Amino acid sequence: MKTMRWSTLVPLALLVVFPAIVQSDYYRHIFIIALMWVVIGSSWNLLAGYTGQVSFGHAIFFGTGAYTAGLCVTKLGISAWWGMLLGGPVAALVGLFIGWVCFRLRGPYFALATIAVGEIFRIGATVWRDLTEGMQGILIIQSFRSKIPYYYLALLVAGACVYAIYRVINSKWGYYFVAIREDQDAAESMGISAFRYKSLSLLVSSFFTGLAGAFYMNYMAFIDPHVVFSLHYISIMAILVGIIGGVGTLWGPPVGAFIMVLLQETFRSSFFGLLPKWVSEGHVLVFGLLVIIVIRYLANGIVGDWPKISQLWSKGKPLPSATAGN
Amino acid sequence: MEVFVQTFVSGILIGGIYALVGLGMTLIMGVMKIINLAHGQLMMIAMYITFVLFEQLQLDPYFSLLVAMPALFIIGAIIQKYFLNPLLKVDSILPENQVLMTVGLGMVLTEIIRFIFQSDYKSVTTSYSTEFIYIGEISFNQAMVVAFLIAVILTLILFFFLLKTDIGRSVRATAQNKDAALLMGINAEWITIFTYGLGSALAAAAGSLLLPIYYLFPDIGGPFTLKAFIITILGGMGSTVGAIVGGVVLGIAESMGATYISMALKDAVGMVIFLLVLIFLPGGLKAWTKI
Amino acid sequence: MNLFETSHLTKAFGGLIAVNDLTFQVEKGQIYGLIGPNGSGKTTVFNLINGYYPITSGTIHFEGQELNGLPTWKICKVGIGRTFQIVKPLRRMTVLENVMASAFSLTAKQEVARDKAIEVLEFCELVKKQDYPAKGLTIGDRKRLEIARALATGPKLLLLDETMAGLTPQEQAEGVKLIRKIRDSGVTIIIVEHIMHVIMNLCDLILCINYGQEIAQGTPAEVANNRAVIEAYLGKE
């Protein structure tokens, strides 16, 4: 394994000691949520950024994972923690099914289909009360009063997810995914079954997103279809995390996750109470503006277009076009 | 039996208005090949414009059309020129850049409106909102009937425009084959700007017409964007006749779904149709029946 | 047994018959040419062999095995490689990564794929540019890359689709050299080409088609002197 660089080790070390330094439950909560979004965003990015299949429906997997954990309690009478084991595989199975249905569609049509399936799941979960308790949602008892176990669990899952994606990207699969993204027809001529490898990408992507959902159930102790199957709060948020951080990069989504969650919280709390109340309504507006700016000027996200950004800071000499991704 | 006819007729009436939303979307998709995820938000803005005109000037929504449509035409043209066209030159990993841009635009538009008007439900009740026309045992909501008729008139004007005028023909030519259109001297950039404006104006018309029937709130755009897609995919991307058929089919399907299955599942009906069409009828009804 | 043969190969798109009852055989080690005026169906034939289009009727046999209905990626695995008329580089990958992606069809290990890719790049004289992003290449190098990618899958039969189009005479001469090298290394080749002197020089046998139908089959000399062929290219005004 390659030796990790300082730029990786230092933030990681900081994250590990964070709860010891910061005692406030409020900030710990924000970081837990951010770590959860590292998982969701990275998973989305594997399918969209690396394999070129832009999903607008990742809420499907998140919600499936969350409800798997919830149903453990309501239907099986066992602890929701079993959901952490089951949530990933169940979501992956759902992913396989969706791939089988939707992968015949290319580009924007695939995106539209994922929106439709996402909405079907949301409406289905709302209406199928016998299974999901409908809009009443599922409420469980939190296992721990302290945030610390949840924090380290989130950190563990996020770390495992990013590491897994790192291994996948640097393997045969990674080459195949990008080949499919760049030119699916050429890829097929190179002996790559586009369907098989898109499905594999989706399998990993949905697995980890489902795992994040199961975590959410255990951590927040309450879920309902409106939240966990939400097009706006989950699916589109996943996309935002990916594109603002940087599609097609390993560290883009983690950076994006922290930026988005911190930004969201900064606005929701009116800059932590420093600004008037109406500012708290502004975070969606800021997200929208960010999307517009990033897509227009920083199409590869903050991480992907970092050379461009640092160019703005340094005076004078323009940087040479370094990477193939430019 | 009456219930069936009633449901069917309601479906057609609302479908005619849905068709306007779908027409705008299908033109945009046909010409620019982009998915306009801000379509519902554009409609929503028109609805707020109409609402303000009603509140302040007591202007009837059907007359507000004449204000809302040009206003949205301009907004749409600006969006295409300054936000979407420039993206064509950007080389990014995700080809769906334009789509994502419309997502961002939709969010910004929604939040601006929310900031100005707050999130509470607003409504417009005109003298005829609650009046019904009766033919035999079947009742027609007067507002819906008038809206339907206006929608039909607008659709006819649109068809005349597309078939008989030069600009209209240029739009159709660009929709069918952009490169050929370019070779024939059509300024594709202007056509895209015009088309997005036109699509927005049509969405605006639908918005004004629907205002007396729906409650208005900033997030009302999203579901309509989805409806527009269902209609576009159903009818066949770029097919104006298809959009009309798609609109009416969706209207009827939703109406039937609401009556015979349940209100809650009404939206799911649209989604399922959408998915089935995407998978099994990729060209939409257009391809299947050679409209 | 012939390495490759078609029998009454036909493809219809609705009412339009793009490929009409073609029968030909290619022996191991040959360079077989497919020529015809624009729109005569040459690329469609490749698309049929490659699995892009389903065959309407007729058969295709490769090493005695029937190919009908196999998906494109399987046909590559079976041993048929292909280049595209309009080259399809994987633009955001480097030259080396492009070829490695192909080489993975033979192995799952990165080091093995890398070695194979470098070997192929050396063979195609592109190895010095291995770290160039594919989208920055000149057209000549893109064509080399296209061939290198096809070769890295270890094909027994290589379909070359108008490789010479858009190249300078110098580049064309180099292309001819490369194609001969490929044949000499044991790969059988079917080549679609427009540029007459290239085809006449390279090919052992030629099939000339027009409107999807065969109008002549034989050695370059035979085909060049065939009246129907001359008419097809020059006769229609």
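Helices (H or I, at least four residues) and strands (E, at least two) are taken here as DSSP runs, numbered from the N terminus. On this basis, chain C holds nine helices and 10 strands. The structure is a predicted model, in which local features need pLDDT of at least 70 and side-chain atom pairs count only at pLDDT 80 or more, while totals for chains, interfaces and linings use all residues. Residues are numbered from 1 along each chain as its sequence is written, and chains are lettered from A and ligands numbered from 1 in the order in which they are written.

The C-alpha trace of chain C spans about 50 × 40 × 35 Å along its principal axes. Its radius of gyration, taken over C-alpha atoms, is 18 Å, which agrees with the value near 18 Å for a compact globule of 237 residues; the globule rule is 2.2 Å times the number of residues to the power 0.38. Of the 237 residues of chain C, 46% are buried, a residue being buried if 20 or more other C-beta atoms, placed from the backbone, lie within 10 Å of its own.

Chain C is divided by an automatic or database domain assignment into domain 1 (1-79 + 156-166 + 175-237) and domain 2 (86-154). The centres of domain 1 of chain C and domain 2 of chain C, taken over C-alpha atoms, are 25 Å apart. Seven residues of domain 1 of chain C are in contact with eight residues of domain 2 of chain C, where contact requires C-beta atoms, placed from the backbone, to lie within 7 Å. On the side of domain 1 of chain C that touches domain 2 of chain C, helix 2 (72-78) and helix 6 (169-184) of chain C each supply at least two residues. That side of domain 1 of chain C has four nonpolar, two polar and one charged residues; Ala, Val, Leu, Ile, Met, Phe, Trp, Tyr, Cys and Pro count as nonpolar, Asp, Glu, Lys and Arg as charged, and the others, Gly among them, as polar.

Chain B comprises 12 helices and two strands, and its elements follow the order α-α-α-α-β-β-α-α-α-α-α-α-α-α from the N terminus on. The C-alpha atoms of chain B fill a box of roughly 60 × 45 × 40 Å along the principal axes, and 54% of the 291 residues in chain B are buried. Among contacts in chain B between residues at least 6 apart in sequence, 76% join residues at least 24 apart.

Helix 3 (residues 61-84) of chain B has a kink of about 30° at B:Val67, shortly before the proline B:Pro70; the bend at a residue is the angle between axes fitted to the seven residues ending there and the seven starting there. Buried residues of helix 3 of chain B include B:Leu65, B:Ala68, B:Met69 and B:Leu72. Among the elements covering the buried residues of this helix are helix 2 (39-57) and helix 5 (142-164) of chain B.

The contact between chains B and A takes 34 residues from chain B and 37 residues from chain A. Helix 4, helix 9 (221-235) and helix 11 (266-280) of chain B each supply at least two residues of the side of chain B that touches chain A, and helix 4 of chain B gives the most, with 12 residues. This side of chain B divides into 27 nonpolar, three polar and four charged residues.

Chain A averages a pLDDT of 87, and 94% of the residues score at least 70; pLDDT is the predictor's confidence in each residue, from 0 to 100. Over residues 316-326 of chain A the pLDDT is below 50.

Definitions and conventions. Contact = placed C-beta atoms within 7 Å. Buried ≥ 20, exposed ≤ 12 C-beta atoms within 10 Å, placed from the backbone.
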